Amino acid sequence: MNTPVSNRGIWKVIAASSVGTLIEWYDFYIFGSLATVIADQFFPKGNPTAALLSTLATFAAGFIVRPFGALVFGRLGDLIGRKYTFLLTLVLMGGSTFAIGLVPSYESIGFAAPLLVLLLRLVQGLALGGEYGGAATYVAEHSPANRRGYFTSWIQTTATLGLFLSLGVILLTRHSLDSDLQTSIQKFNSWGWRIPFWVSIVLVGVSIYIRLKMSESPLFSKLKAEGKTSTNPLKESFGNRANLKMVLLALFGATMGQGVVWYTGQFYAQSFIENVCKIDFEQSRTILIWAIVAATPLFIVFGGWSDKIGRKWIMLIGMLLAISSYHFIFKRFQIISDPAGKTEIVEQRKLLLKEKLAVKDHPQDTAFITTSEVHYTDGAVFKEVTTLTVKADQSTVQAVTYKDKRLGSTDYWTAVWWLFVLVAYVTMVYGPIAAFLVELFPTKIRYTSMSLPYHIGNGVFGGLTPFIATLLTTIYVNDHLSGLWYPIIIGGLCFVIGAVYVSNKIDPNVND
């Protein structure tokens, strides 16, 4: 029978669990938030696109191993308890993040640099694989049955808030290294990017102190006292046909689609705005920060609502809305950042740089490169790079590109609005998912059983989204929206499977 703690007690449980989980997400996502800077630090500089793809692949590697972390730490959690297992994952995550900030650059130690970063990302992935299931299980096992969705949704906010924290620390660091902004940015790109990684060790220390004061889950303690804990959680979770069916249903009918919606709505959206639309570093991140701030309360709204009407249709409708509108929304980002739709203020054009260079692959050709600052009537400011190539036969080829685009006020808040919509979809699919997973599995094997489908759905299907989507845009170079086909196809399959096979029933006796 469910034995909820007092109202004051449940908030202590949520606070202790959430602080640690928030910091683990911060640790995990600081890498993705700095992908373009890390690409320059740890990979050869000759091909920026290849370096970015390599960085995203390293980022994705941390996701791929998350299911293995779920198996290792899920088993420990079901054998020895929730509390000490996710204390261990916190130490591993914090130590790995701090160590990434210490790794020398590619220029210093060559290919050893990306290899060391990859190794540390794998440790991070293993640790995160054991963290989420423990935190969600711990909160759920303290919650009353009729409010399980509401209370566990507070844990769901930590993933997005961890991303928010990582972005905030990055921007604060970027602005504080020197009184002159341009000098500060140069210092950040050179060595200051390491500071957000080092900050992690302080945050982890605070979280460990808080978590040491936590008690074990009352339901797990009761099972342990009665000698009813699982002796082989892996076998009972995946060797039992009925339980294995629930694991597969959770994966293909819920977490697979939830994962791609999560990473498309936040990580790939940020990557698209920065690398495809060429919006400058700071604006691309503040747009996401405002969207996250506005949308985060919706995790609680949808989590609480799921206690009343069930988890299934909130999650599935979120998936359907997302995959149906991705092309339209990402096209809006392209339109507001397209100089073709803007009117230049010609008298405010400013010449920034003129260069004369030999063309690398054709030394007999000469390139004249002009960089100008272009102002538009809507308040936007773009850097325009004009490359005039004079060939050996005196024929010429001219190309015009734009970078470091700063949007005007109206377009900036339009971008915030559309990103808010994307994050709102995330809250629909993610807010109820913890309660949904908890209710599928019995207490003695819950940590193991729920962690695996969650981390395959999020870590593999979801975590690979930025890499696969970016890769698709390099293959189909004339279609910048081609990367969206991956989340649309995966999300669509998950919607169909979930609509047909997932039950909307809330089980009040889940903790019996």
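In the predicted model, the hairpin formed by β3 and β4 has five residues between its strands, and among the features of this hairpin is the positive phi near 75° taken by Gln-394. The strands themselves, β3 at residues 381–390 and β4 at residues 396–406, are paired in the antiparallel sense over nine bridges. Within this pairing, Glu-384 stands opposite Tyr-402 of β4.

Helix packing was examined for two pairs that share α15. Helix α8, spanning residues 148–176, packs with helix α15, spanning residues 297–309, at an angle of about 155°, and their axes lie 7 Å apart. Since angles over 145 degrees count as roughly antiparallel, α8 and α15 are therefore assigned to that class. The crossing in which α8 passes α15 is right-handed. On the side of α8, the contact is made by Arg-148, Gly-149, Tyr-150, Ser-153, Trp-154, Gln-156, Thr-157 and Thr-160, while α15 contributes Phe-299, Ile-300, Gly-303, Gly-304, Ser-306 and Asp-307. Classified by residue type, this contact of α8 with α15 comprises four nonpolar, eight polar and two charged residues.

The second pair consists of α15 and helix α17 (residues 409–430), which pack at an angle of about 35° with their axes 8 Å apart. Their crossing is right-handed. Here Leu-298, Phe-299 and Phe-302 of α15 meet Phe-420, Ala-424, Val-426, Thr-427, Met-428 and Tyr-430 of α17, and the contact of α15 with α17 accordingly lists, by class, eight nonpolar residues, one polar residue and no charged residues. Phe-299 of α15 takes part in the contact with α8 and also in the contact with α17.

Terms used: Residues are numbered from 1 along each chain as its sequence is written. This is a predicted model: local features need pLDDT of at least 70, side-chain atom pairs count only at pLDDT 80 or more; totals for chains, interfaces and linings use all residues. Side-chain values use heavy atoms; hydrogens and water are left out. Two strands pair if DSSP finds at least two bridges between them. Helices (H or I, at least four residues) and strands (E, at least two) are DSSP runs, numbered from the N terminus. Axes are lines fitted to C-alpha atoms, for helices over the stretch in contact, and angles run from 0 to 180 degrees between N-to-C directions. Angles under 35 degrees count as roughly parallel, over 145 as roughly antiparallel, 65 to 115 as roughly perpendicular and the rest as oblique. A crossing is left-handed if the near helix is turned anticlockwise from the far one by less than a right angle, and right-handed if clockwise. Contact means heavy atoms within 4.5 Å. Ala, Val, Leu, Ile, Met, Phe, Trp, Tyr, Cys and Pro count as nonpolar, Asp, Glu, Lys and Arg as charged, and the others, Gly among them, as polar.
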